[in-house]
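Here is a quick tour for anyone meeting this structure for the first time. Have a look at the sequence and the 3D view, then read on.

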Amino acid sequence: MNKEFTYDVIVVGAGHAGCEAASAAARMGSRTLLITMDMNKIAQMSCNPAVGGIAKGQIVREIDALGGQMGIVTDRSAIQFRMLNQSKGAAMWSPRSQSDRKRFIEEWIKVLSHTENLFIWQDIVTSLIIKDNKVCGVRTMLGIEMEAQAVVLTNGTFLNGLMHCGKTQIPGGRTSEPASHGITEQLVELGFKSDRMKTGTPARIDARSIDFNGLIRQDGDNDWHQFSYLPTVHRVLKQMPCWITYTNPDTHEALRAGLADSPLFNGQIRSIGPRYCPSIETKIVTFADKEAHQIFLEPEGVDSNEYYVNGFSSSLPWQVQLAGLRTIKGLEHVVLYRPGYAIEYDFFDPTQLHHTLETKQIKNLFFAGQINGTTGYEEAAGQGLVAGVNAHINVHGGAPFTMSRDESYIGVLIDDLVNKGVDEPYRMFTSRAEYRILLRQDNADERLTKRSYEMGLADRERYDLLCKKQTDCSDFIGYLQSTTVHKSQIDTWLESIGSTALHEGCKLSDLILRPQVSIKTLAEVFPELKAKVKEFSDETVESCEIQVKYAGYIKRERMEAAKLQRLDQIRIPDTFNYEEVQSLSTEARQKLSRIRPTSIGEAQRIPGVSPNDISVLLVLMGR
């Protein structure tokens with residue numbers, strides 16, 4: 001080994017998972033190397049130029065609460081911010097931001113360049129160095145052997161990547177970037193189970209060829225919301241609108257004419273694609289009765305004419321894509337920058353991982369991101385942070401870092417991957433979490449920052465901000481619970497908003513329980529409350545309102561989560577032989593032997609393991 005290339009942790013791939021993994025490991029004190037094919041495309045937004053969305057936005061807030069960087073980078077590169085689902089309960093609120101694609105990369109490069117202990121190398125990793133079932137480093141295309149005590153693979157769509165546009169097939173992990181070969185083959189030879197997945201992306205078009213007249217304008221929110229909990233981070237770029245249009249029967253007819261040359265329908269692509277984000281050709285076949293599909297035109301940046309056609313992902317021949325686009329209102333004379341394409345790539349069955357994202361077969365080897373069968377920048381970044389933290393811990397010592405299902409969406413994501421595996425690209429939804437009221441976007445710092453600070457990732461600034469927020473919330477909620485509103489002060493206003501009058505005076509906290517009442521509206525008719533609100537930040541006031549309004553639901557979910565935690569605390573020995581337990585079902589014996597859960601709680605969440613199987617295990621564990 002060349003001592004010039006000796007590290008504690010090596011991270012392979014500088015996408016969203018790789019950047020968070022490398023940043024976390026280095027900031028915790030590991031000498032870390034990030035290897036990327038192209039230093040100019042670090043944290044490239046390969047698909048749409050946006051971060052967050054339903055459940056994904058919660059993940060980004062969790063990353064920020066833990067001391068990760070995605071929220072900060074997103075806020076600094078944002079050109080539109082929206083809080084989705086505000087018409088629903090607070091558990092469903094999800095932040096989403098359009099980013100300037102170029103600025104997003106630049107901000108990540110700044111972060112990495114100013115991170116102590118972090119080094120970057122431009123090259124392609126072709127194999128791992130493994131001795132005695134333990135990873136010891138990597139070999140690169142330049143013929144260099146690099147030594148490390150832990151390696152994190154975040155290869156994205158590059159492992160044997162193959163792009164499709166009509167009948168044209170181009171090896172690559174992303175447009176104009178080569179595929180990576182060698183790692184899959186080596187790991188399969190070592191006994192890892194691998195398969196293929198497919199994803200896709202739409203055409204990029206020239207704004208100068210779009211007729212925006214008649215399209216539906218969609219502006220962002222101009223309030224205080226953002227991803228990062230740090231008050232020093234702000235949106236600084238010009239805010240830009242998105243635009244909405246629709247396909248029509250002429251569009252669908254133009255696309256159907258090219259289906260014979262579609263890789264998805266002529267057998268050219270055989271791998272698993274995302275069910276929840278189908279290509280436009282899949283939409284017109286699967287939903288043949290629908291006459292229109294919504295299309296979002298999203299700007300790529302403040303200084304760019306490039307627009308992303310969200311909802312029109314396609315691998316049809318470019319001529320067919322162009323013909324279809326030109327039937328859509330506003331795009332009659334559209335000019336392409338490049339057509340859409342599909343890409344097939346290798347991934348590894350995530351049931352081969354521990355909850356730390358370390359592989360079960362090879363010590364100190366971690367997988368994060370699309371290599372685990374997930375899709376989305378946010379899911380990748382969350383995994384990357386967990387893998388980077390645990391890679392550092394494996395090298396320097398400490399308790400493994402994992403999160404439970406009632407602690408974070410990232411915990412739900414990893415638990416799903418490890419216990420259930422994937423049969424399609426995994427995307428996070430709020431419906432995957434049993435404890436959505438506990439896992440709100442507003443309280444990620446209260447759930448996670450203290451833990452992260454204690455293990456050395458979140459810094460003192462974050463911890464002090466958390467302590468102040470908790471003190472302020474306690475003070476404000478105490479005020480709401482102790483301050484009485486008299487009937488004469490409020491009845492006229494209550495009737496004006498369609499709420500029933502008071503029988504007698506009540507506490508402010510009781511009024512806020514009413515669906516028609518918010519702290520903001522109540523403050524306009526109750527001057528004492530208005531003066532009190534000014535003492536606290538907008539975020540603190542919002543958090544307090546949610547805690548008061550949903551207190552009963554929060555209490556109930558905490559009780560349910562406590563039951564789950566009790567099962568998670570009943571450990572199953574690593575050496576337990578399920579095959580010898582004939583009272584278990586055959587399916588349970590097979591799945592438990594393959595996945596090897598560490599607790600009864602994990603075993604319960606494996607598909608095919610029945611309540612009767614769990615009862616048998618509880619008896620055998622002496623419970």
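## Before we start

Helices here are DSSP runs of H or I with at least four residues, and strands are runs of E with at least two; both are numbered from the N terminus. Keep in mind that this is a predicted model.

## The big picture

By that count, the protein has 21 helices and 21 strands. How does the radius of gyration fit a compact globule? For 623 residues, such a globule would come out near 25 Å, and the protein has 26 Å, so the two agree.

Buried residues account for 58% of the 623 in the protein. Take the contacts between residues at least 6 apart in sequence: 73% of them join residues at least 24 apart.

## Surface and charge

The protein exposes about 25,600 Å², and carbon and sulfur atoms supply 50% of that. On the charge side, there are 70 positive and 77 negative charges, and their mean positions sit 1 Å apart.

## Glu378, in a helix

Let's zoom in on Glu378, which you'll find in helix α9, residues 377-396. Is Glu378 buried or exposed? Its relative accessibility is 3%, so Glu378 counts as buried, the cut-off being under 20%.

Leaving out residues up to four places away in sequence, Glu378 touches Ala50, Val51, Gly52, Lys56, Ile59, Val60, Ile63 and Met70. Leu413 is 35 residues from Glu378 along the chain, and their C-alpha atoms are separated by 11 Å.

## Glu177, in a loop

Glu177 lies in the loop between β11 (168-171) and α5 (183-189). Glu177 has 7% relative accessibility and therefore counts as buried too.

Which side chain does the side chain of Glu177 make a polar contact with? That would be Arg174, at 2.6 Å. Skipping residues up to four places away in sequence, Glu177 touches Lys41, Phe158 and Gly172.

## Thr483, between a helix and a strand

Our last stop is Thr483, in the loop between α12 (460-482) and β20 (484-485). With 10% relative accessibility, Thr483 counts as buried.

A polar atom of the Thr483 side chain lies 2.7 Å from the backbone oxygen of Tyr479. Setting aside residues up to four places away in sequence, Thr483 touches Cys506, Lys507, Leu508, Phe526 and Glu528.

Definitions and conventions:
Residues numbered from 1 in each chain as written. Predicted model: local features only at pLDDT ≥ 70, side-chain atom pairs only at ≥ 80, totals over all residues. Heavy atoms only, no water. Rg over C-alpha atoms; globule rule 2.2 N^0.38 Å. Buried < 20%, exposed > 50% of the residue type's maximum accessible area, 1.4 Å probe, protein only. Contact = heavy atoms within 4.5 Å. Areas by Shrake-Rupley, 256 points an atom, 1.4 Å probe, with all protein chains shown as cover. Lys, Arg positive; Asp, Glu negative; His and termini not counted. Charge placed at Lys NZ, Arg CZ, Asp CG, Glu CD. Polar contact = N/O pair within 3.5 Å; in protein donor to acceptor, adjacent residues only side chain to side chain.
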